[in-house]
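Subject: A structure for you to look through

Hello! Here is the structure I promised to pass on to you. Please open it beside this email, and then read on for what was found in it.

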Amino acid sequence: MSSIFDKFAPLKEQHAALTALGRSPDQLQFEDIISPTEAVLNGKRTILMGTNNYLGMTFDDTSVNAAIEALKTEGTGTTGSRIANGSYEGHKALEEELAAFYDMRSAILFSTGYQANLGAISALAGRDDYLLIDADSHASIYDACRLSDAQVIRFRHNDPDNLERKLKRLEGTSGSKLIIVESIYSMLGDMVPLKAFVEIKKKYGAYLLIDEAHSLGVLGEKGRGLCEHDGVEKDIDFITGTFSKSIGTVGGFLVSNLPGMDIIRFVSRPYMFTASPPPSVVASARQTLAKIAGATDKRKQLWDNATQLYNGLKAAGFELGPTLSPIVAIRLSDPEKAIALWNGLIDAGVYTNLALPPATPFGWYLLRSSISAAHTPEQIALAVEVCTKIGRELGIITLSNSQKAGVSKHPDNGSAQLNGASETHPDATSETESLVTPTGDDPAARV
Ligand SMILES: Cc1ncc(COP(=O)(O)O)c(C=O)c1O
């Protein structure tokens with residue numbers, strides 16, 4: 001008799017092949033978490049290079065203590081949605097603090113960043129509207145499109161001209177047009193040329209939503225992200241974000257300066273039909289958020305660390321993402337070498353994220369690091385050293401690769417490298433407007 005799981009046979013096979021070459025990421029279990037950048041894995045002290053813990057705030061005393069206090073006084077969870085069970089004082093306070101942080105009119109909390117995108121985008125774009133999304137969007141944005149009744153149009157990754165052509169075709173149609181971009185793309189760490197997108201959104205009377213998941217705390221003098229960095233905050237209609245990276249906990253949000261945002265609370269299914277964030281999470285998020293604007297030294301350290309890692313790997317001859325950013329991805333096209341490098345690094349006490357097709361652009365195999373201000377220069381130097389050693393042993397890099405590789409300049413808080421260098425996807429000529437992508441690459445699986 002057939003099984004409901006039969007359809008997963010190819011995936012199972014792929015997973016078995018991966019495991020046969022060493023480990024599988026889903027089976028790894030850290031025995032001890034020592035700090036934001038170190039854990040014990042298989043009895044070995046291991047440097048965590050794929051943390052997303054950009055400012056290293058997960059062990060921040062004030063945030064930890066606020067969470068403990070909230071647990072004791074308000075309990076372990078809210079056990080329901082705010083629509084059904086009402087809000088706690090912390091929910092409202094955090095929304096006000098988020099709105100003040102961004103200098104926007106209002107903010108809405110969601111239980112995760114995934115749900116923030118799902119809930120905001122699906123609610124904002126209704127039946128007669130158009131969603132215009134970057135082809136390399138995060139899975140949460142693709143899933144939001146599925147939940148929305150709007151028509152979905154994809155434009156080429158980081159390509160404002162391509163977006164403009166698509167908007168031109170919509171001239172004369174009555175629905176609202178909502179453009180969605182991300183500040184720093186999570187797989188390769190490349191950044192959106194935001195000013196160009198802002199110009200287009202203004203020219204065509206469209207709305208612009210930016211997901212600042214990987215740039216909150218990372219970019220801008222006050223850590224508000226790419227919009228602040230590029231000086232375009234007043235031109236942005238909606239910002240979504242997450243507490244799971246720089247804020248060091250879990251949760252998500254939507255902020256906007258537009259009047260009338262509160263109606264989203266009554267139409268957004270991922271807001272209405274799930275339990276609200278627990279008091280301990282809200283309490284720690286409030287404490288960490290309050291420190292973001294003043295975390296200038298941490299931001300500088302973060303960018304120094306990113307520069308050290310990016311330039312170290314580049315000088316060794318590795319193929320990396322196109323832009324220097326705190327997300328540093330080694331690109332490989334040989335699956336066996338990618339998996340061997342990932343396993344070899346773990347054996348040597350360095351943990352990176354292994355990202356496989358179809359979740360990756362261009363069918364690449366990526367060893368992705370998301371660096372932290374809490375990494376020490378010694379940890380990064382060690383990571384580069386073992387990567388180089390194993391990379392050479394595996395024939396991924398050679399001495400002549402290393403001699404050819406140039407290095408990138410330290411961006412002034414990211415500015416020098418921000419907008420620009422984005423490589424062309426081999427399939428980038430596709431003008432398709434469907435959500436189905438060319439062979440092998442499934443952007444809807446982006447993590
Ligand atoms: C660009 C982007 N948006 C949204 C999310 C979802 O965030 P969360 O982990 O809070 O669900 C992520 C997480 O990886 C992300 O990279």
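Before the rest, two notes on how to read everything. Residues are numbered from 1 along each chain, following the sequence as written. This is a predicted model, in which local features need pLDDT of at least 70 and side-chain atom pairs count only at pLDDT 80 or more, while totals for chains, interfaces and linings use all residues.

**The chain as a whole**

pLDDT is the predictor's confidence in each residue, from 0 to 100. The protein chain averages 91, and 89% of the residues score at least 70. Please take care with residues 412-440, where pLDDT stays under 50. For that stretch the model has 48 contacts beyond four places in sequence; two residues are in contact if their C-beta atoms, placed from the backbone, lie within 7 Å.

The protein chain has 16 helices and 14 strands. Both are DSSP runs numbered from the N terminus: helices are H or I with at least four residues, and strands are E with at least two. Of the 447 residues, 49% count as buried. A residue is buried if 20 or more other C-beta atoms lie within 10 Å of its own, exposed if 12 or fewer, and partly exposed in between, with C-beta atoms placed from the backbone. Among contacts in the protein chain with a separation of 6 or more, 74% are between residues 24 or more positions apart.

**Strands**

Strand β11 covers residues 327-332 and runs antiparallel to β14 (residues 365-370), with six bridges joining the two. Two strands pair if DSSP finds at least two bridges between them. Six of the six residues of β11 are buried, so this strand is largely enclosed by the rest of the structure. Both of its faces are covered, with Ile327, Ala329 and Arg331 on one side and Val328, Ile330 and Leu332 on the other.

Strands of a sheet pair through backbone hydrogen bonds, either parallel or antiparallel. Strand β3 (residues 44-48) pairs with β12 in the parallel sense over two bridges; the partner of isoleucine 47 in β12 is valine 350.

**Around the ligand**

There are 15 residues around the ligand, and Thr112, Gly113, Tyr114, Ala213 and Thr242 come nearest. Here a residue is near a molecule or strand if its C-beta atom, placed from the backbone, lies within 6 Å of it. The shell divides into three nonpolar, 10 polar and two charged residues. In this count Ala, Val, Leu, Ile, Met, Phe, Trp, Tyr, Cys and Pro are nonpolar, Asp, Glu, Lys and Arg are charged, and the others, Gly among them, are polar.

Which helix gives the most to this shell? Helix α5 (residues 113-124) does, with three residues. In α5, 12 of its 12 residues are buried. Its end C-alpha atoms are 16 Å apart, which agrees with the 16 Å that its 12 residues should span at 1.5 Å a residue; the expected span is 1.5 Å times one less than the number of residues.

- Is leucine 167 buried or exposed? With 21 C-beta neighbours inside 10 Å, leucine 167 counts as buried. Its place is in helix α7 (residues 160-169), and leucine 167 touches Lys177, Ile200, Tyr204 and Ala206, leaving out residues up to four places away in sequence.
- Lysine 234 sits in the loop between α9 (226-229) and β9 (238-242). Lysine 234 is exposed, having 10 other C-beta atoms within 10 Å.
- Aspartate 103 is 131 residues from lysine 234 in sequence, yet their C-alpha atoms are 9.4 Å apart in space. Phi of aspartate 103 is near 55°, a positive value in a residue other than glycine.
- Proline 358 is in the loop between β13 (353-355) and β14. The peptide bond from proline 357 to proline 358 is cis, with omega near 10°.

Enjoy exploring, and write back with any questions!
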